[in-house]
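Me: I am new to this structure and would like a guided tour. Could we begin with a term that will be needed along the way?

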Amino acid sequence: MEPLDTERGATDRVSSRRPASNTERRQRVIDEIKRRIVLGELTPGERIIEADLTSSLDVSRPTAREALNQMARDGFLIQEAYRGLRVANIEVDSMLEIARVRVALDTEAIDEILDDPTGERMARLEEIWERFEGESSEADPLAVHEAHIRFHRGIWEAADNYLLMRIWPVVEAQMTIILAYDQFTRRDSGRAHAIHAALMRAIRSGDRSRIRTALDVHTMDSAQELALLVSGAADKD
């Protein structure tokens with residue numbers, strides 16, 4: 001038995017040292033750009049320098065380019081002719097449009113959760129909420145942002161709707177950019193938690209009118225408030 005254990009240990013050590021695949025390297029680039037956006041190290045409209053990524057992350061130019069193209073397809077980045085890629089801007093009109101669409105899609109997801117006669121979807125949402133409760137008060141802004149994104153993705157996952165999950169990457173891209181700006185502009189985690197808690201109470205009530213009101217407060221009102229902040233900042237510039 002001892003030789004087998006030794007052999008297994010050697011195999012594990014070799015496995016732990018296995019080179020990262022192209023997919024893993026590409027995902028590392030994507031994760032790093034998301035991190036920089038969330039932490040404000042990359043701001044809306046800022047140009048992405050491919051050479052900086054290849055150097056700081058020790059990846060090849062083709063790998064970096066694949067990652068950047070994927071992020072452009074998902075909406076994190078904008079491709080400009082002769083100017084390369086930049087972080088997507090926060091446009092007031094598009095911000096409000098995204099909010100309206102999100103309310104409609106979240107309403108659909110919540111309807112499907114509530115219409116599940118087994119209660120399994122609601123139970124999954126409660127698990128997602130419990131995790132959010134434990135993570136949303138973290139001091140690390142990146143952890144708070146990721147908790148927020150996971151909660152909203154979790155609502156769609158709990159609905160078990162194939163189409164919603166297919167379009168999630170595009171929605172996540174817009175949310176990441178908008179939430180990053182919101183998080184660093186308001187710096188009010190207590191307010192964010194209170195709005196989410198009110199939404200969960202409304203969902204538990206099963207009252208569709210109350211849920212719609214909670215979604216409007218959570219998404220539309222927040223977008224309108226942020227739009228005013230963005231407009232004010234643009235006027236100052």
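Reply: A residue is called buried under 20% relative accessible area, exposed over 50%, and partly exposed in between, with a 1.4 Å probe and protein chains only. The model is predicted; local features need pLDDT of at least 70, side-chain atom pairs count only at pLDDT 80 or more, and totals for chains, interfaces and linings use all residues. Residues are numbered from 1 along each chain as its sequence is written, and side-chain values use heavy atoms, with hydrogens and water left out.

Me: Is Ile30 buried or exposed?

Reply: Ile30 is buried, at a relative accessible area of 9%. Its place is in helix H2 (residues 22-38); helices (H or I, at least four residues) and strands (E, at least two) are DSSP runs, numbered from the N terminus.

Me: What is Ile30 in contact with?

Reply: Apart from neighbours within four places in sequence, Ile30 is in contact with Ala67, Gln70 and Met71. Contact means heavy atoms within 4.5 Å. The C-alpha atoms of Ile30 and Phe76 are separated by 9.8 Å, although these residues are 46 apart along the chain.

Me: Which residues touch the most other members of the largest nonpolar core?

Reply: They are Ile33, Ile37, Ile48, Leu77, Leu125, Phe151 and Ile155, in a core of 61 residues. Helix H8 (residues 162-186) supplies the largest share, 9 residues. Such a core is a set of buried Ala, Val, Leu, Ile, Met, Phe, Trp, Tyr and Cys residues joined through side-chain atoms within 4.5 Å.

Me: And what does Leu125 touch?

Reply: Residues up to four places away in sequence aside, Leu125 touches Ile113, Ile155, Ala158, Met200 and Ile203.

Me: Which residues of H6 are buried?

Reply: Met122, Leu125, Ile128, Trp129, Phe132 and Glu135 are the buried residues of H6. Seen down the helix axis, they fall within an arc of 140°, so they line one face of H6; the arc is that of the directions from the helix axis to the C-beta atoms. The face turned away from this buried side carries the exposed residues Glu120, Glu127 and Glu130.

Me: How many residues of H7 are buried?

Reply: In H7, 14 of the 19 residues are buried, so this helix is largely enclosed by the rest of the structure. Just after H7, Asp160 takes a positive phi of about 60°.

Me: Changing topic, how do S1 and S2 pair? What is the sense?

Reply: Strand S1 (residues 77-80) and strand S2 (residues 84-87) pair in the antiparallel sense, over 4 bridges. Two strands pair if DSSP finds at least two bridges between them. Gln79 has Leu85 in S2 as its bridge partner, and Ile78 has Arg86. The hairpin has 3 residues between the strands, and Tyr82 takes a positive phi near 65° there.
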